[in-house]
Amino acid sequence: MNMSINRPKFQTVTILLFSWGSSFADGYQFGATYTGKFLSNVSGGIETGSVYLDNLSATLDVDVSEAWGFGSGRLFAHGLYNNGTMFSDEFVGDFQVVSNIEAGHAFRLYEIWYELSNQRWSVRAGLYDLNSEFDTNDVSDLFLNSSHGIGADIGQTGKNGPSIFPVTSLAVRGDVKFENVGLRAAVLDGVPGDPNKPSRTAIDLDDDDGILSIAEVDVPFGEKSRFWSGVWRYSGEFDRLYLNGTSNRNEGWYAGIETRADLGGRTVAGFMRYGQANDQLNAADDYFGAGFVVVAPVSSRPDDRLGVAVATIRVGQPYRESLEQLDPNVRHREISWEFTYRAKINDHLTLQPDIQLIQNPSALSTIDNAIIVGLRFEIAY
């Protein structure tokens, strides 16, 4: 069954396929990355089939004082290209999105911001990727499913998503570090880009857009563990799902933990993350993700990583009632299971086979469980 489904947009930390970076002059650092994935839906979903997705990223990082001989601070610019292949939309029909680089075809200015900082505080202003600092953890970076980047509870929100991959908005972000606690907060334009022209980098500060506010606390504990928690809220008005009227209570919260331990001569890292959103305005009212990663699962290969993770969203009551008009047996949850192995072949080549099982895609009984196999390869110089 092929049907139109509203999905969130997500971002996770981009893994390099082809990477080159250099300091070509004092104070300037340039980097370029190319990321690609082969993905195949071998069973279930909307239909079986295979695709290739890619992402080209280029960054320029400038130490203002060193590069220009006056002033201070840091200037950062980031450009992106995506080939526009849509895997989840065309083959799987899932809500959470199988690939963290799935995006429409575009070449865009993704970020450009200026930062002032010292050892305890920093302030950034400009086009800003929210998920570069908020709701991140190192352990989940291994996985390919989009929900292991920013949680689906946040990723689904907004009139053009929050300010994350692949479209960002103007923002001001502050960060303060104390001895045992980090605090950060940001205020962002509530509608990134131009929803009517999705391939453009656009800045439109319309009064009706409102703002997205977010604050997060980051607390390390022990030698190898960390807790983080945040709250977020849009100031703009949003239509209630399938009911009359609007609301300005598009808000939610999230919390997570990551930890590492040495077991049997190997390092094992794990994470858990939970978040909620207002189900009167959003399709999913909660999200839970968890997983673990084994470092060097084969003792002779110290750079390899083995990971298993799960990500699940619960469909909110208003959205579920609307789906029941099309599917009387609508499910309560969509669940994504992922198994992946990252193998460093040599100093330049890394291969990462990946398997995902999507149960109840978009919580619809009319879409069969999907099995996806994929391969991400990395070439680095």
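These entries cover salt bridges first, then cavities.

I worked from a predicted model, where local features need pLDDT of at least 70, side-chain atom pairs count only at pLDDT 80 or more, and totals for chains, interfaces and linings use all residues. Residues are numbered from 1 along each chain as its sequence is written, and side-chain values use heavy atoms, with hydrogens and water left out.

**Salt bridges.** I counted 23 salt bridges (a side-chain nitrogen of Lys or Arg within 4 Å of a carboxyl oxygen of Asp or Glu). I looked up Asp-153 and Arg-273, whose side chains meet in one at 2.4 Å, N to O. Asp-153 sits in helix H3 and Arg-273 in strand S14, 120 residues apart (helices are DSSP runs of H or I, at least four residues, and strands are runs of E, at least two, numbered from the N terminus). Are they buried or exposed? Both Asp-153 and Arg-273 are buried (under 20% relative accessible area with a 1.4 Å probe, protein chains only; exposed is over 50%, partly exposed in between).

Next I took Asp-218 and Arg-184, with closest N and O atoms 3.8 Å apart. Asp-218 is buried at 13%, and Arg-184 is buried at 14%. Both belong to a salt-bridge network that also includes Glu-216 and Arg-260.

**Cavities.** I found 5 cavities of 30 Å³ or more (sets of 1 Å grid points, over the protein atoms alone, where a 1.4 Å probe fits but cannot get out; volume is the space filled by probe spheres set on points joined across faces, edges and corners).

Notes
On a 1 Å grid over the protein atoms alone, a cavity is a set of points where a 1.4 Å probe fits but cannot get out, and a pocket is an open set with protein on both sides within 12 Å along at least five of seven lines; lining residues have an atom within 4 Å of a point.
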